[in-house]
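Here are a few friendly notes to keep beside you on a first look. Take them in order, with the structure open.

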Amino acid sequence: MTDLHKTGAAVGEPVSGRPAPTAFLEVRDLKVHFPTDDGLVKSVDGLSFQLEKGKTLGIVGESGSGKSVTSLGIMGLHTAGQYGKKKAQISGEIWLDGTELLTADPDAVRKLRGREMAMIFQDPLSSLHPYYTIGQQIVEAYRVHHDVDKKTAKRRAVEMLDRVGIPQPDKRVNSYPHEFSGGMRQRAMIAMSLVNNPELLIADEPTTALDVTVQAQILDLIRDLQKEFGSAVIVITHDLGVVAELADDILVMYGGRCVERGPAEKVFYEPRHPYTWGLLGSMPRLDREQQDRLIPVKGSPPSLINVPAGCAFNPRCPYADIPKDNVTRTVRPELTEVGGRHWAACHMTQEQRERIWTEEIAPKL
Amino acid sequence: MVLVVLLATFTVFYMLPKWAGQDIAVLFAGKATGAEQVEGIRTKLGLDDPLFIQFWDFVKGIPLGRTYANGSDVTRCPAPCFGYSFVTEEPVWNTLKEALPVTAALAAGACVLWLVAGVSTGVVSALKRGSVWDRVAMIGALGGVSLPIFFTGMVAMGIFVHSLGWVHISDNLSTDDSVGVWFETLLLPWIVLALLNAAMYARLTRATMLDVLGEDYIRTARAKGVAERAVITRHALRSAMTPILTVFGLDIGVLLGGAVLTESTFNLPGLGLAAVQAISSKDLPVILGVTLFAALAIAVANLVVDLLYAVIDPRVRLG
């Protein structure tokens, strides 16, 4: 490395020249692009958010909106498994507890993985190695970061399994993943991710592959553990019910960008983006009349190679013609503050959106 | 299963000549013999007994030995009795006994070579997919799969034995020869045979590894902070071993039944060469013996692979 490089983006120094953030986790203008034969897939295209310890951020969006890629980018796993493919391009800044991850040494980031930041995946059956016992896998996670013998690590594994509510943990520690039920597997997965007391926990669709009755248990467990360990949690989901349970803040993603962000109660009760309205409208509720149909968001998610010009949501937005001069199809809307800590990216005026929400949308929900 | 194999082999190799109109007694007696002698042989070999008795006598002979008798002319065939060669009049077992070490040594050396070379090439190719190394290795593997042994073997012999004189090969390998002679004689056959199989294993390993590396649990291992090297060996290669082991078991079984081409090319007195010689001289008992042994080797190899599955993959275990 030359001196020129050293004076550039060193660890702990922001690329943008802005000072290091005070928030525990701060993501600034994150972009993750995948070059493919068909073109550049802009999975995440300029995403920013902050998260404090002890708080939960819910990232919501359809399949392909960039939720999972965001989490993999934070973990430094966006290029993992890309053998021989064109490498993913990532830019922006990810600050975790004062360390900028994108410019840090990859091996240093690897050492943070599993210890400072851990992840729970969607399908615990395919995410656990079929040939190793639950115990072996938890022991491995612990010993990667702690210089202890296998016995000590196994005691720790049993302790963690007990903590996440697996009965007879001293026996079950020797079971293989296929010998567990779906809910138990996800508990084991959670035990494995928490074995090193990570300060940041990313749960990528933690309940999607589970039975509805088990979903609530797993969500309760995540909430309890968060209180106990005081970690920051990111929950990624397409299920608004999940974020309603867990999240302090909600970030709605569409086409690789944030379209609305704010405190959970604001986003749920005063949403200021037509896409969020659509998500809320397509959520089934028990207190709604049965003959009322769900209101789907028409159309399909945008291509991430040719993202629509202007507002990415404009082809599906029923209100796209309200703003003047065809601006929704030419100019990309920026996030603007619509209330305390509440941002949305829409060309309609605040008053227009407030009126549509209170008069047209809210009564139907 | 072994019984089924026995029955099938016996049927095919004992009955077919009969149905085809060949008289085994005449085969045994050879040309220019009187009808009387042929009748004597027929009685002695029990060829006038009903078929199932012939089969039973044959099977019984393997563990217990067998006595051929025609009046005063009595021949005792000791315990693993597979009958006598029509040509050399030696017990078939002797032929098998002498040929087996050669074939086993050939198989053992070659399989270690090809497993190490093939799997490591495949792993590196998978990790560097699309690179120059990957392309060269895969073209090499295609060549290795396509080139027949009698070609590569001849070329290797021509260069290393006859032109350069680096390797001296023994024409008639036997158990009396020293380890050094065995090693030197088998070196080229090992390499040639390993080349063919290594090529196949490299392709198989590459494909399997690429599959496994895309699995969710590999991502989990990385998310735990496991170093990349351990991710590949402990997590990915472990899973990729299952299909490799399956093919490996079968290959070993087939090879133990005689590597016909390799042994013929290098003139190694193994089971394969014995079979070829027996076929060209219509020596039915030897053909039967070798085939039986080959079938047994494959059956046993299959069984071992099935048992090993349970060791490798806990999902296969009972309970």
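1. Chain A holds an open sheet of four strands in the order 2-1-4-5, with antiparallel pairing. Strands are DSSP runs of E with at least two residues, helices are runs of H or I with at least four, and both are numbered from the N terminus; two strands pair if DSSP finds at least two bridges between them. Strand 2 (39–51) and strand 5 (99–100) of chain A are the edges, each pairing on one side only.

2. A word on the source: this is a predicted model, where local features need pLDDT of at least 70, side-chain atom pairs count only at pLDDT 80 or more, and totals for chains, interfaces and linings use all residues. Residues are numbered from 1 along each chain as its sequence is written, while chains are lettered from A and ligands numbered from 1 in the order in which they are written.

3. Within the sheet, strand 1 (residues 25–36) and strand 4 (residues 89–96) of chain A pair in the antiparallel sense over seven bridges. Look for A:Arg28, which stands opposite A:Glu93 in strand 4 of chain A.

4. Now for the two chains together: 27 residues of chain A are in contact with 27 residues of chain B (contact: C-beta atoms, placed from the backbone, within 7 Å). On the side of chain A that touches chain B, helix 3 (106–112), strand 6 (117–120), helix 4 (124–127) and helix 5 (134–145) of chain A each supply at least two residues. Helix 5 of chain A gives the largest share, four residues.
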